[in-house]
Amino acid sequence: MHAGAPPAAGGREGGAREAARSGTLIPDARYPNFFSDVPLTDDYTFDRFIVGPTNGLAHAAALAVSEKPALSYNPLFLHGSVGLGKTHLLQATCRSLLDRRPDLRILYLSCETFANQFIQAVQSGDLKNFRYRYREVDVLVIDDIHFLANKERTQEEFFHTFNQLYHSRRQIILSSDSHPRDIPSMEERLVSRFKWGLVTEIEPPGFETRLQIVRAKSEQRGDRFPEDVCEFLANQITSNIREVEGAIYKVASLSELMHRPIDLALAREALRDSFSSSRRQVTIEAIVRIVTAHYGVKGVDLQSKKRSRSVAYPRQVCMFLARRLTDHSLVEIGGHFGGRDHTTVLYAVEKIDREVHVDAAVKERMDSLVREIRAS
Ligand code: ADP
Ligand code: MG
């Protein structure tokens, strides 16, 4: 039996936005037991999700839920700021569940749709149908639950929905832009229920993960971009992964338009306007200032011929950070440090990069230097 067979809106694609606004749901022709307010996006699958240290737990938990719904983490609550893959993981979980267990009735929708449907049900005096629809599913997935902020009556309704589903051992999966306790005026009893399962945060990915995402997304679009272009994009886009797709599109379009190969110069040109205003340029001077203060050496020493470890090491750190945080070439960076040649810079970058990978303390120190430099 279906979850109260929701009324169909005309045409899946065209109906999506209308559905979210009016609160109607659209059936998915591929999955008879699946109802949602937006169609599943084909790209939002587990195998297209790049896993790194900052999203690993969220990914593993979503995977576990898709394998053993209601038996692993219930509810599963993912939170994190915009563009970090929450919707991607929610949809991947739905799809994986649908492929494994086509018998399960799954309802996937934005919290906004839930709230709109509730208001409509109240207005039309049809709460019975509304409740039936939500409380008779096997899996309820609600995206952007922070939308419940300051909505007392909708929270109250959701509380009862939650209880009913939870106590009949149905899976609940939620996403939010913040931790439950930080959602404005969220009722304490809901906050504590969310914690019955797993509340886990997705944090902005580090450089290595961003680099992998850029590689993968450029490959999905056509040809993988050259490595220096991938690094450039991974350096430019630090918080919202959605911007990666836009940037890849801009670079590829400019290349097609101008019949030019995709290289660093083209990428810089394509993105000149996107990031120069929103993201202040980090200068080598700023890097030198922070790094020398941290290691207690003089700026002039870094340019000197001195090779003692106390000077050589901070110099290598500067080169590494200059490569990560600025667009300067290896040659240009070498020029800033006493005219050293590009192989010396490359050696330094690779050396510190290796250390960052094997030594958590070094990684932490570099991360903190980066934060300080960006804030300076
Ligand atoms: P959120 O819901 O957290 O705002 P989305 O799930 O909509 O973010 O993700 C924004 C875009 O970034 C999507 O295109 C998504 O595929 C992509 N994305 C985010 N994180 C990853 C990741 N780890 N691997 C691959 N793509 C990702
Ligand atoms: Mg989202």
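Analyst: Let me begin with the word domain, since the bounds of the domains used here come from an automatic or database domain assignment. On that basis the protein is divided into domain 1 (11-201), domain 2 (207-275) and domain 3 (279-375), and the C-alpha centres of domain 1 and domain 3 lie 45 Å apart. This is a predicted model, in which local features need pLDDT of at least 70 and side-chain atom pairs count only at pLDDT 80 or more, while totals for chains, interfaces and linings use all residues. Residues are numbered from 1 along each chain as its sequence is written, chains are lettered from A and ligands numbered from 1 in the order in which they are written, and side-chain values use heavy atoms, with hydrogens and water left out.

User: OK, and how many helices and strands are there in the protein?

Analyst: The protein has 17 helices and 7 strands, where helices (H or I, at least four residues) and strands (E, at least two) are DSSP runs numbered from the N terminus. Along its principal axes, the C-alpha trace spans about 80 × 50 × 35 Å.

User: What share of the residues is buried?

Analyst: Of the 376 residues in the protein, 50% are buried, and here buried means under 20% relative accessible area, exposed means over 50%, and partly exposed is in between, using a 1.4 Å probe and protein chains only.

User: Can we look at an example? Is Arg 95 buried or exposed?

Analyst: Arg 95 counts as buried because its relative accessibility is 10%, and this residue is found in helix α3 (residues 86-100). Leaving aside neighbours within four places in sequence, Arg 95 is in contact, meaning heavy atoms within 4.5 Å, with Arg 30, Tyr 31, Leu 40, Thr 41, Asp 42 and Thr 45.

User: And what about contacts over the whole protein?

Analyst: Among the contacts in the protein with a separation of 6 or more, 71% are accounted for by residues 24 or more positions apart.

User: Let's switch to Arg 189. Where is the place of Arg 189?

Analyst: Arg 189 sits in helix α7 (residues 188-194), and it counts as partly exposed because its relative accessibility is 29%. Not counting residues up to four places away in sequence, Arg 189 touches Glu 156 and Phe 159.

User: Which side chains does a polar contact join to Arg 189?

Analyst: One polar contact, of 3.2 Å, joins the side chains of Arg 189 and Glu 156, and another, of 2.4 Å, joins those of Arg 189 and Glu 187. A polar contact is a pair of N or O atoms within 3.5 Å; within protein, one must be able to donate a hydrogen and the other to accept it, and residues adjacent in sequence count only if both atoms are side-chain atoms.

User: Now helix packing. At what angle do α14 and α17 pack?

Analyst: Helix α14 (residues 309-325) and helix α17 (residues 360-375) pack at an angle of about 60°, with their axes 11 Å apart. The axes are lines fitted to C-alpha atoms, for helices over the stretch in contact, and angles run from 0 to 180 degrees between N-to-C directions.

User: Which residues meet there?

Analyst: From α14 come Tyr 313, Val 317, Phe 320, Leu 321 and Leu 325, which meet Val 362, Met 366, Leu 369, Val 370, Ile 373 and Arg 374 in α17. The residues of this contact divide into 10 nonpolar, no polar and 1 charged, where Ala, Val, Leu, Ile, Met, Phe, Trp, Tyr, Cys and Pro count as nonpolar, Asp, Glu, Lys and Arg as charged, and the others, Gly among them, as polar.

User: Which residues of α5 are buried, and what covers them?

Analyst: In helix α5 (residues 127-135) the buried residues are Phe 130, Arg 133, Tyr 134 and Arg 135. Their cover includes β4 (106-110), α4 (111-124), β5 (139-143) and α6 (152-167).

User: Last topic, the backbone. Where is there a cis peptide bond?

Analyst: A cis peptide bond joins Asn 74 and Pro 75, with omega about -5°, and Pro 75 lies in the loop between α2 (56-67) and β3 (76-79).

User: And which residues have a positive phi although they are not glycine?

Analyst: Asn 150 is one of them, with a phi of about 60°, and Asn 150 is found in the loop between β5 and α6, where it counts as exposed because its relative accessibility is 57%. Ser 185 has a positive phi of about 55° and is found in the loop between β6 (171-176) and α7, and at 47% relative accessibility Ser 185 counts as partly exposed.
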